[in-house]
Amino acid sequence: MVKGERIVAGADPKSYKTYSYSFWNISGRKGRQVIYHKDEPVPEIDAQSFKPIDDSYGKDQQHIFYANIAILTGIDTASFTRLDKSFASDNQHIIYLNSEDSYVLKDAEPSNFEVLQRDYYRSGETVYYLTQYKSAKPITQVDANSFKVT
């Protein structure tokens with residue numbers, strides 16, 4: 001199939017559809033469908049349970065994907081929700097989203113995680129700051145309960 005100037009390998013032009021997030025597409029008959037990200041097939045995705053989260057992230061029954069890479073396993077994908085551009089949660093974890101370098105924040109809990117201002121976040125007794133090197137760093141010298149961003 002040809003889309004614009006590109007050839008989309010293996011796609012069926014009759015069934016090729018775009019999700020509401022334009023970088024994710026699906027093609028094929030039910031039971032034999034393939035998910036595409038930016039017109040590249042991602043055969044690791046279970047098409048029957050796939051849901052796009054935004055243009056870059058998607059999920060199936062067992063994985064969270066960044067583009068065409070399964071970045072997180074062991075996450076409850078049914079409860080997975082984006083909190084903002086940098087964080088997501090499931091029913092047990094807070095996840096720092098940094099493309100393929102995403103990870104679960106130890107000791108952060110969904111029940112008390114707060115998005116503050118200017119790249120600061122709080123969970124229980126810990127305040128986190130997003131560094132220029134794109135990591136969520138705990139700040140140990142502050143009292144989390146009285147911490148305010150000014």
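Trainee: Okay. What should I know about the model itself?
Mentor: It is a predicted model, where local features need pLDDT of at least 70, side-chain atom pairs count only at pLDDT 80 or more, and totals for chains, interfaces and linings use all residues. Residues are numbered from 1 along each chain as its sequence is written, and side-chain values use heavy atoms, with hydrogens and water left out.

Trainee: How many helices and strands does the protein chain have?
Mentor: Zero helices and 18 strands. Both are DSSP runs, numbered from the N terminus: helices are H or I with at least four residues, strands E with at least two.

Trainee: Which way do β15 and β16 pair?
Mentor: Antiparallel, over three bridges. Strands pair if DSSP finds at least two bridges between them. Phe-113 stands opposite Ser-123 in β16. Four residues sit between the strands of this hairpin, and Arg-118 takes a positive phi near 45°.

Trainee: And what joins β16 to β17?
Mentor: Four bridges, again antiparallel. Ser-123 stands opposite Thr-126 in β17. The hairpin has two residues between its strands, and Gly-124 in the turn has a positive phi of about 60°.

Trainee: What about β17 and β18?
Mentor: Residues 126-130 and 136-139 pair in the antiparallel sense over four bridges. Tyr-128 stands opposite Pro-138 in β18.

Trainee: New topic. What does the C-alpha trace span?
Mentor: About 60 × 30 × 20 Å along its principal axes.
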